Amino acid sequence: MMTLFGIPTAALFGQLLLGLINGAFYAMLSLGLALIFGLLNIINFSHGAQYMMGAFVAWLGLTYLGANYWVALALAPVIVAAFGIVLERTMLSRLYKLDHLYGLLLTFGLALIIEGFFRQLYGISGMPYAVPKELAGGWNLGFMYLPIYRAWVVFASLVLCIGTWLLIEKTKLGAYLRAATENPALVQAFGINVPVMITLTYGFGVALAAFAGVLAAPIYSVNPLMGSNLIIVVFAVVVIGGMGSIMGSIVTGFMLGILEGLTKVVYPEAAGTVIFMVMVIVLLIKPAGLFGKGA
Amino acid sequence: MLKKALIGAVALTALTAAQAQAQYSENKIKIGVLTDLSGTYSDLAGKGAILAAQMAVEDFGGKVNGVPVEIVSADHQNKADIASSIARKWYDAEGVDAIAELVTTAAAVAVREVSKEKGKIDLVSGAASTPLTNDKCSPTGFHWTYDTYALANGTANAVVKTGGKSWYFLTADYAFGHNLQAQTERVVKANGGEVKGAVKHPFPNSDFSSFLLQAQSSGAQIIGLANAGADTINAIKQAKEFGITQGGQSLAGLLVFITDVHSLGLETAQGMMLTTGYYWNRDDETRAWSKRWSAKMDGKMPSMVHAGTYSSVMHYLKALAAAKTDDGIKVADQMRALPIKDASGFAVNGKIRADGRMVHDMYLAQVKKPSESKGPWDYYNIVRTIPGDDAYQPLAESTCALVKK
């Protein structure tokens, strides 16, 4: 059997592919965070809770309304985004002029409250959510068994990430958004309603988190803490990629997923920390992150 | 003035002396339920355990020889330092006589140290690790519901004997996971099985696909899950997704609670073997008690930790009544002497040994198919009753200093 780094190549391919799948989640979540930070200057710590809400809305819809997976995938982001918009209008918008720290503390507090609320109602053990029939089963690739659902996750995530990047970097709307972050007063003077644009951007970032949550529901246990387990890693991804850099967060998300996947084979005990080691090194050598501009 | 002060001092001394003569200090019995109220174990223990303790007090009549009994509770957040500081405060300042439940080994061991030092009773239900009745044993400490030794004995024995000879472990990388894996390996090897490997995963961990793939390529027949709670749930869910079980390998959940099965759903969990100290739907007695508990818990059914907490608190109250004092050593002696029997149907053939282990019958269960389940929470077929003496570590093997050799 051929080996690479002492690991059979077949196993290595399998692990690379799995890393890519996990990276898809990192990419989707860090994309939303980067978007919100880049355009609103808010470090959105409630992102994990919003991801969890996406999964829970899917579960609630299925259990109480019989809404299937596809309906949930379409509606859960909208519902959770609406919730996010209410938060933004009533609370976050008051903090834009203050230091980042205030936004961070507020969203952190909100995350704890939201998680506590769901924990009180549904307990901690989580809820079952089946893989949709259309995506059940898997393909035998020779070196590994690939569940169709996981392939779908990578596909959906890539489409979403590239779509968002194109929207921000290549369209007129994106240009307005970027201009509004640089100089809101000037953009407003051109007759563009900057506050509404900012609110919708927050809503869009939250929708990305909820979308990832629905994608995660059939794979992970749908429980109130599913987001808080993930959010710290995702923050590390954003820091490594460069705060506010959209392409940076996408590429870093996938890259670190792969790195983590490899660590799980070579030295599993370090799988939980490898991303943070990379973060420390990147911060020391290139404090603005791999794709960040300036310091 | 001086006279008044003197009289006051005399009166105070008399009062203290009178209290010292009373059977129960402060004329009150206080039992603390120290548990996880917000974290990973809050469903399998948590507020359900507080309810169970309260039910025991109510069923006992609320008083011991005319002295009122009160339940207090707190959240130890699964942290040893928080657990031991609450225990100290309870014992020193609030007149707590015993602490019950104590999920999470680290928290249980920390409270064990404090209780031993103060000569107070601890009734461990939720924690799993065997040191509690080995080098951490105490004359006033009891381990009630289950332990890793009994879990490994039950599940691994059954699995190896039905042909599951080669094992691969997915182990949570902390004391409990290591302990559970070691206990299981012992049983597997003793039955002529072999261990093909193990991978230690970070705790907590949500994605198990990578570890499952390693387990798959090891070619082992059985993948042993030496973890608990959300880790076990995620591992089982993803094993199904990756076609591991369809591919001929089987999973053995080494610590699975009924709350975990509820979370997985029967569709995913069906066929799995597990060992439990209690199952609500086992007989009329367990059903009657569990339905009373369930009525106050939104229709959920109790885990073995809930029933164990009830059983341990009830037995403690009986011992208090028999000892006619709340002195820890004397109550502990009564606990060892009295027969164990209560309304929950928990401690079948129960007895307490010198090392503090409450030995009782355990059950090997198999998760039902969705078609076999007759209603909500009807999840297990009891395959075999494992007599307590076969399930638990023999007293002769215990490293507890209290065991006379």
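Residues 24 or more positions apart supply 73% of the contacts in chain B that have a separation of 6 or more. Two residues are in contact if their C-beta atoms, placed from the backbone, lie within 7 Å. The model is predicted: local features need pLDDT of at least 70, side-chain atom pairs count only at pLDDT 80 or more, and totals for chains, interfaces and linings use all residues. Residues are numbered from 1 along each chain as its sequence is written, and chains are lettered from A and ligands numbered from 1 in the order in which they are written.

Chain B contains 14 helices and 15 strands. Helices (H or I, at least four residues) and strands (E, at least two) are DSSP runs, numbered from the N terminus. The C-alpha trace of chain B spans about 90 × 40 × 35 Å along its principal axes. Its radius of gyration is 22 Å, which agrees with the value near 22 Å for a compact globule of 405 residues. This radius is taken over C-alpha atoms, and the globule rule is 2.2 Å times the number of residues to the power 0.38. Of the 405 residues of chain B, 59% count as buried. A residue is buried if 20 or more other C-beta atoms lie within 10 Å of its own, exposed if 12 or fewer, and partly exposed in between; the C-beta atoms are placed from the backbone.

Chain B is assigned domain 1 (28-146 + 283-360) and domain 2 (149-276). The bounds come from an automatic or database domain assignment. The C-alpha centres of the two domains of chain B lie 29 Å apart. Contact between them involves 13 residues of domain 1 and 13 residues of domain 2. The domain 1 side of this contact has 7 nonpolar, 5 polar and 1 charged residues. Here Ala, Val, Leu, Ile, Met, Phe, Trp, Tyr, Cys and Pro count as nonpolar, Asp, Glu, Lys and Arg as charged, and the others, Gly among them, as polar.

B:L151 sits in helix α5 (residues 148-161) of chain B. B:L151 is buried, because 26 other C-beta atoms lie within 10 Å. Leaving aside residues up to four places away in sequence, B:L151 touches B:Y146, B:L180, B:L254, B:L255 and B:T275. The C-alpha atom of B:L151 is 18 Å from that of B:T309, which is 158 residues away along the chain.

Several backbone features of chain B stand out. Most residues other than glycine have a negative phi, and most peptide bonds are trans. The peptide bond from B:F203 to B:P204 is cis, with omega near -10 degrees. B:P204 belongs to the loop between β8 (194-201) and α7 (209-217) of chain B. B:E101, not a glycine, has a positive phi of about 80 degrees. B:E101 is part of strand β4 (residues 98-101) of chain B, and counts as buried with 36 C-beta neighbours inside 10 Å. B:N349, also not a glycine, has a positive phi of about 55 degrees. B:N349 occupies the loop between α13 (328-337) and β12 (351-352) of chain B. With 12 C-beta neighbours inside 10 Å, B:N349 counts as exposed.

The contact between the chains takes 32 residues from chain A and 34 residues from chain B. On the chain A side, α1 (9-40), β4 (145-147), α9 (226-241) and α10 (246-266) each supply at least two residues. α1(A) gives the most, with 5 residues. The chain A side has 17 nonpolar, 12 polar and 3 charged residues.
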